[in-house]
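Me: I would like to go through this chain step by step. Could we look at the structure together?

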Amino acid sequence: MKKIAMISAVLLMFLSSAVFAEEHADMALKHTKMAIEHGKKGHAPMLVEHANEALTHAKKAAEVAKDDSKTHMDAAVRSLESSIEHGKTAGKEHLDAAVQSAEEAAGHIEAGNK
């Protein structure tokens, strides 16, 4: 009986962490897409705001992700950090780089959330 309870607890913990990662990945993707949209319109402050929110969720998703998903979520975190840094720097070329980094992050989040 104790073995069944232990196995059930482990399975429940595993399943809940997968759902937790998926929810955060979904929110990270939503905010990343909003960052891209604002960046393409030339709204650097809004790009940074949404990229920061996406980064928070991507980091939480990366904490519980496993295997290939973790690799992609870690890459998404790095891309979002780059997007934020470029978004904070003046100039069209930096804004373009911020959008490109956010697009890379979106690709990694989508790949890691399968």
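Me: Which residues of H3 are buried?
Reply: In this predicted model, the buried residues of H3 are His-72, Met-73, Ala-75, Ala-76, Val-77, Ser-79, Leu-80, Ser-83, Ile-84 and Gly-87.

Me: And what does Leu-80 touch, leaving out residues up to four places away in sequence?
Reply: Leu-80 is in contact with Thr-32, Ala-51, Ala-54, Leu-55, Ala-58 and Ala-105.

Me: How many residues does H3 have, and what is its reach from first C-alpha to last?
Reply: H3 has 22 residues and reaches 32 Å between those two atoms, close to the 32 Å expected at 1.5 Å a residue.

Me: Let us turn to the core. Which residues touch the most other members of the largest nonpolar core?
Reply: That core has 27 residues, and Leu-47, Ala-58, Met-73, Leu-80 and Ile-109 touch the most other members. At least two core residues come from each of helix H1 (2–40), helix H2 (44–64), helix H3 (67–88) and helix H4 (92–112).

Me: Which helix supplies the largest share?
Reply: H2 does, with nine residues of this core.

Me: Now the whole chain. How many helices and strands are there?
Reply: The chain holds four helices and zero strands, and its elements follow the order α-α-α-α from the N terminus.

Me: What percentage of the chain is buried?
Reply: Of its 114 residues, 39% are buried.

Me: What about the accessible surface?
Reply: The accessible surface of the chain is about 6900 Å², and carbon and sulfur atoms account for 61% of that.

Note on methods:
Residues are numbered from 1 along each chain as its sequence is written. This is a predicted model: local features need pLDDT of at least 70, side-chain atom pairs count only at pLDDT 80 or more; totals for chains, interfaces and linings use all residues. Side-chain values use heavy atoms; hydrogens and water are left out. Buried means under 20% relative accessible area, exposed over 50%, partly exposed in between (1.4 Å probe, protein chains only). Accessible areas come from the Shrake-Rupley method with a 1.4 Å probe; for residues, only the protein chains shown count as cover. A nonpolar core is a set of buried Ala, Val, Leu, Ile, Met, Phe, Trp, Tyr and Cys residues joined through side-chain atoms within 4.5 Å. Contact means heavy atoms within 4.5 Å. The expected span of a helix is 1.5 Å times one less than its number of residues.
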